Amino acid sequence: MRTITVLIRSLPLNTTRVSEALRMGVGLTLSDDKIQVIFLENGTYAITRLKPEIINMNDLSKHLETLPHLKGMIIADQEDVKKRLINDIPYNVELKKRKEIIEEIAKSDILIVY
């Protein structure tokens, strides 16, 4: 079994990059591999309560809700979340310190960066 990490650093606004990264993460769960999606830097805004209909963006919530049900892990950098004053995360997200995230990335067999 391989470990595949999807690393999301992009701001989820005005682009479909984050939505496509999450869609791909969900699709990857169809394999026998360990799938983890990690949010860093401005990518952490994607795990907040966004209102896509107001700003005409793709709805990320369906992917963020589905991924854990398919045994995919969602991880966010604890320091980046704190730095951006994000305190309401409605999804099953594991907050980890940067050192732990670096270790997770280093153990990955495949890394896909968005």
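A polar contact is understood here as a pair of N or O atoms within 3.5 Å, where, within protein, one atom must be able to donate a hydrogen and the other to accept it. In the predicted model described here, the side chain of serine 10 meets this criterion, reaching the backbone oxygen of tyrosine 114 at 3.5 Å. A second polar contact, of 3.4 Å, links the side chain of serine 10 with that of arginine 17. Serine 10 is placed in the loop between S1 and H1, and it counts as buried because its relative accessible area is 17%, where the limit for buried is under 20%. When neighbours within four places in sequence are left aside, the residues in contact with serine 10 are Arg17, Val18, Asn42, Gly43 and Tyr114.

The protein chain as a whole comprises five helices and five strands, which follow one another along the sequence in the pattern β-α-β-α-α-β-α-β-α-β. Its radius of gyration is 13 Å, close to the 13 Å that the globule rule gives for 114 residues, so the chain is as compact as a globular protein of that length. Along the principal axes, the C-alpha atoms fill a box of roughly 40 × 30 × 20 Å. Of the 114 residues, 43% count as buried, and among contacts with a separation of 6 or more, 74% are accounted for by residues 24 or more positions apart.

Strand S1 is mostly covered, with six of its six residues buried. Thr3, Thr5 and Leu7 point one way from this strand, whereas Ile4, Val6 and Ile8 point the other way, and all of these residues are buried. In a regular strand, the side chains alternate between the two faces of the sheet. S1 pairs with S2 in the parallel sense over six bridges, and within this pairing isoleucine 8 has phenylalanine 39 of S2 as its bridge partner.

Valine 37, not counting residues up to four places away in sequence, touches Val6, Ile8, Leu22, Leu67, Met73, Ile74 and Ile75. In soluble globular proteins, nonpolar side chains tend to be buried together.

Helix H3 has Ser61, His63, Leu64 and Leu67 among its buried residues, and the elements that cover the buried residues of H3 include H1, S2 and S3. Just after H3, lysine 71 adopts a positive phi of about 70 degrees.

Conventions
Residues are numbered from 1 along each chain as its sequence is written. This is a predicted model: local features need pLDDT of at least 70, side-chain atom pairs count only at pLDDT 80 or more; totals for chains, interfaces and linings use all residues. Side-chain values use heavy atoms; hydrogens and water are left out. Contact means heavy atoms within 4.5 Å. Helices (H or I, at least four residues) and strands (E, at least two) are DSSP runs, numbered from the N terminus. Buried means under 20% relative accessible area, exposed over 50%, partly exposed in between (1.4 Å probe, protein chains only). Two strands pair if DSSP finds at least two bridges between them. The radius of gyration is taken over C-alpha atoms; the globule rule is 2.2 Å times the number of residues to the power 0.38.
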